[in-house]
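Please keep the sequence and the 3D view at hand while reading.

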Amino acid sequence: MLWTVMPPEWVFEDDGGPRLAEVAAGAMRIVLEAGPGGAWRVQRVLSTNPFDYLRPELSPGALWIANPPSVSRV
Amino acid sequence: MEEKASPQSQSSRAGSSVSMAQLEAIRQLGLANPPGKSDSAFHVLTIIGQIEGHLLLPAKNKTTKYEHVIPQLVAVEQDPKIRGLLVILNTVGGDIEAGLAIAEMIKSLSKPTVSLVLGGGHSIGAPIAVAAGYSFIAPTATITIHPIRLSGLVIGVPQTYEYLDKMQDRVIRFLVEHSRVSEEKLREAMFRTGELVRDVGTVLIGRDAVELGLIDELGGLDKALAKLRQMAGMDPGGHAGPAGEPGAFGWRAPADPGFVRRALAGRNGT
C-alpha cells in the first residue's frame with residue numbers, strides 16, 4: 001500500500017526510463033546506467049560511509065572501467 | 001537484456017599507468033582503488049524519492065529500496081567503528097510497510113541517530129524522520145501529513161474502510177509515540193480541508209513541524225552533526241572528537257593543544 005504525495009498515475013507510469021544495473025564493490029553497491037556503445041556510467045552509490053562519495057572513480061557519470069554488469073534493470 | 005562492454009574499450013580505458021595492485025582491485029571489485037578502511041565516526045543514510053517495498057516501481061522513479069537499507073542498518077549497528085547514524089530525508093513517501101520497517105530499524109538502533117529533513121519528508125517519510133533519537137528539519141523543508149488512500153481496485157465493503165483505518169492507526173501511533181505531537185493535533189492536521197489542492201491534510205513547512213511537535217528542532221547539517229557528536233559523547237562544539245579520538249567524518253584532534261600554534265610558528269620561522 002503506497003502512502004505518497006505523488007499521484008498514482010505518475011508513480012506507475014512506465015516510460016521506459018534509463019537502463020540500470022547494480023554491481024557490488026566491496027562493502028558498497030553501485031548503480032550503473034547504460035550509455036551508448038555498451039558503456040556503463042556510475043549513476044548512484046549505495047553506501048552509508050560518507051567517504052565513499054568522495055572517491056573520484058565513483059562520482060556520478062564516471063565511466064565504469066571494469067566488470068561490466070551482466071544484470072539488467074534494478 | 002544482457003550487455004557487456006567490449007574488451008577493446010575496457011583495455012583502452014584502463015590505460016597503461018595502472019599498477020598491478022590497481023588492476024587486481026579493478027578485476028575483483030571493479031574499482032581503481034580497493035575500498036579503504038574508514039575512520040568515519042558517523043555514517044549517513046539517505047532516504048530519497050519513493051520508498052519502495054514489495055512492488056518494483058517503474059525505472060523513472062528514484063527509489064529507496066528496502067533490501068538496500070535494512071542490511072545497511074544492520075551493518076551500522078554491528079560495526080564497532082561507527083559511533084552514530086545521520087539519516088537525511090528528501091522523500092515523497094511510498095510503501096507503508098517498507099517505510100515503517102525502516103523506521104522501526106532506525107528506532108531500535110542502539111547507537112545515536114539523528115534525522116534531518118531537507119526538501120521534503122512527506123507521508124511515510126514522517127515516521128522515518130521521527131524514528132531517530134533526535135530530529136531536525138531545514139527551515140525550507142516540508143512535511144505533508146495526509147490520510148492514507150487506496151489506489152487501484154477497491155471493494156466497496158465496510159471491511160475496506162476498517163482496513164484503511166487500521167493502517168492509518170499504525171502510522172499515527174508510531175508518530176505519536178516517537179515525537180512530541182499529540183494524537184489529537186496530528187489527526188486534526190491530517191484531516192484538515194482547504195490546505196491541499198487534491199487531498200485533505202496539511203503541509204508543514206520547517207518551523208510548523210517543530211511547533212506541532214512532530215520534529216524536535218529547526219536546523220541544518222551543522223546542528224545535526226553537533227547533536228550526533230553530543231549524543232555519542234564527543235565534543236559537540238568543534239569539528240573533532242576528544243583528543244586523539246576520531247571525530248565526525250574522521251577528523252582527528254591533535255593530542256597536544258599547542259600543536260597548531262607551534263606548527264604555525266615554525267612555518268613562519270618565528
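## Surface of chain A

Chain A exposes about 3400 Å², of which carbon and sulfur atoms supply 58%; accessible areas come from the Shrake-Rupley method with a 1.4 Å probe, and for residues only the protein chains shown count as cover. Of the 74 residues in chain A, 45% count as buried (under 20% relative accessible area, with a 1.4 Å probe and protein chains only).

## Basis of the model

This is a predicted model, in which local features need pLDDT of at least 70 and side-chain atom pairs count only at pLDDT 80 or more, while totals for chains, interfaces and linings use all residues. Residues are numbered from 1 along each chain as its sequence is written, chains are lettered from A and ligands numbered from 1 in the order in which they are written, and side-chain values use heavy atoms, with hydrogens and water left out.

## Elements of chain A

Chain A holds one helix and four strands, in the order β-α-β-β-β from the N terminus. Helices (H or I, at least four residues) and strands (E, at least two) are DSSP runs, numbered from the N terminus.

## Helix H7 of chain B

In helix H7 (residues 183-190) of chain B, the residues B:Leu186, B:Ala189 and B:Met190 are buried. These buried residues line one face of H7(B), because they fall within an arc of 100° seen down its axis (the arc of the directions from the helix axis to the C-beta atoms).

The cover over the buried residues of H7(B) includes strand S1 (2-4) of chain A and, from chain B, helix H6 (158-177) and helix H8 (207-212).

Terms used
Buried means under 20% relative accessible area, exposed over 50%, partly exposed in between (1.4 Å probe, protein chains only). Contact means heavy atoms within 4.5 Å.
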